[in-house]
Amino acid sequence: MSALPALALTCLVLGGAAPSAPVAAATDPGGITVYVNPADSVRKDARAQDGRAPERPAASFAAVQRLLAGMGATEARVLIHGGTYHPREEVNWTYSPPGGHITFAPEPGTGPVVFDGSRLKPSRLSTAARQRLVNDPAAVAAAPGYFMTITSAGSGITISGETIQNYVNGGIRIRGAAGDRVTDVTVSGNTFQHLGNKYVSGGTGYGGVHITNSSHTVIENNRFYNLENTTSPGNIHGVYLADYTNDSTIRGNRFGYVSGDPVRTRHNSKDNLVDGNKFWHTGTYAIFSDWRFDGEDCGRGNVFKNNQVGTVSYYGKKFSSGTQGQVSPIKVWLWGHDDPKNANLGGCTPDPITSGGGNAYVTTRPW
């Protein structure tokens, strides 16, 4: 994480001078463990900080990427020392060994890991560019307001056990591209809290987990609490699956006090499953909505089942009232209203979202 002082790392030198030492040991070590302590960035001997032992942690995620790339590692665990960190810049994870898998998790025995974005450098975008963010994917990509942006398309990623808070745009951005999709990312057991421009000025909140052009994402057993925008409150979601994001599973999560719809698909995102989650005081229009602007495609095959839903929205309006407000020319299919009106369906056939059964309204917080 270049926000946290980066450190030059030397490539790992294997011991032994015998010329017959297998080259594969240096270029493809397989499963390895790398330690990182973003606060431990000032040492007299930077070369000793190679990340290969708890007492020699790498000082940034950028340093970890250089280490893994230098080793040609395919399978790696990145263990984060416990602490509360205030990065100055986003983590941009690009390392992508074909067929590999990188896991990020807290280092056992060192305490909770908290990333707090309240000191993130402000966006250099102009005011006009910020206003275009909701419709301009390139502008969204340029805004430095997420904890981590993942663009690694060749390997799987797992992120678990972290608390991510006080970022303006959101927590984790999974950003594939047409023809270069990100696949097999798992986000599990994390807490996303106090995200959006209610907590950090200078932009717009979009999602605890914000995904585009990706497949087979698993988002499970996370907590999404207090994701709120003061301006554009409906734009922030717990999970936002946009632009041809398919075959995702959102299961076993808790969503509380999210000012926008806690789960949203957009623009031909299909075959996504929302199963066994709990929702309380969340949503502008609905609990699960499929959104498209004019010229965008309908979603399809998205299923909502076995969820527990509080009877009122973020704004205290009963979902059964059927009052959704004027959203034209936006087209949106909504789950969560008994009597949907003009915003519902939006001309999509078949329905972008269907109920798989087992959903229930609850009048007390379900956790």
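**Briefing on a predicted model**

A search of the whole structure finds 15 aromatic pairs, where rings of Phe, Tyr and Trp (its six-membered ring) pair if their centres lie within 6.5 Å, and planes under 30 degrees apart count as stacked, over 60 as edge-to-face and the rest as tilted. This is a predicted model, in which local features need pLDDT of at least 70 and side-chain atom pairs count only at pLDDT 80 or more, while totals for chains, interfaces and linings use all residues. Residues are numbered from 1 along each chain as its sequence is written, and side-chain values use heavy atoms, with hydrogens and water left out.

**Aromatic pairs**

- The ring centres of Phe-224 and Phe-255 are 4.8 Å apart and their planes stand at 5°, so this pair is stacked.
- Because Phe-224 belongs to strand β17 (residues 223-227) and Phe-255 to strand β20 (residues 254-258), the pair ties together parts that are 31 residues apart in sequence; strands (E, at least two residues) and helices (H or I, at least four) are DSSP runs, numbered from the N terminus.
- Both Phe-224 and Phe-255 are buried, a term that means under 20% relative accessible area, with exposed being over 50% and partly exposed in between (1.4 Å probe, protein chains only).
- Tyr-314 and Tyr-315 form an edge-to-face pair, with 4.9 Å from centre to centre and 85° between the planes.
- Tyr-314 counts as partly exposed at 23% relative accessibility, and Tyr-315 likewise counts as partly exposed, at 44%.
- A cluster linked by ring pairs takes in Phe-61, Tyr-85, Trp-93, Phe-104, Phe-115, Phe-147 and Tyr-167.

**Asn-197 and its surroundings**

- Asn-197 is found in the loop between β13 (191-195) and β14 (207-212), and with 12% relative accessibility Asn-197 counts as buried.
- A polar atom of the Asn-197 side chain lies 3.1 Å from the backbone oxygen of Gly-203.
- Once neighbours within four places in sequence are left aside, the residues in contact with Asn-197 (heavy atoms within 4.5 Å) include Val-168, Gly-203, Glu-228 and Thr-231.

**The chain as a whole**

- The protein chain contains 4 helices and 29 strands, and 53% of its 367 residues are buried.
- Of the contacts in the protein chain with a separation of 6 or more, 76% are between residues 24 or more positions apart.
- The accessible surface of the protein chain is about 14800 Å², with 51% of this belonging to carbon and sulfur atoms; accessible areas come from the Shrake-Rupley method with a 1.4 Å probe, and for residues only the protein chains shown count as cover.

Key. A polar contact is a pair of N or O atoms within 3.5 Å; within protein, one must be able to donate a hydrogen and the other to accept it, and residues adjacent in sequence count only if both atoms are side-chain atoms.
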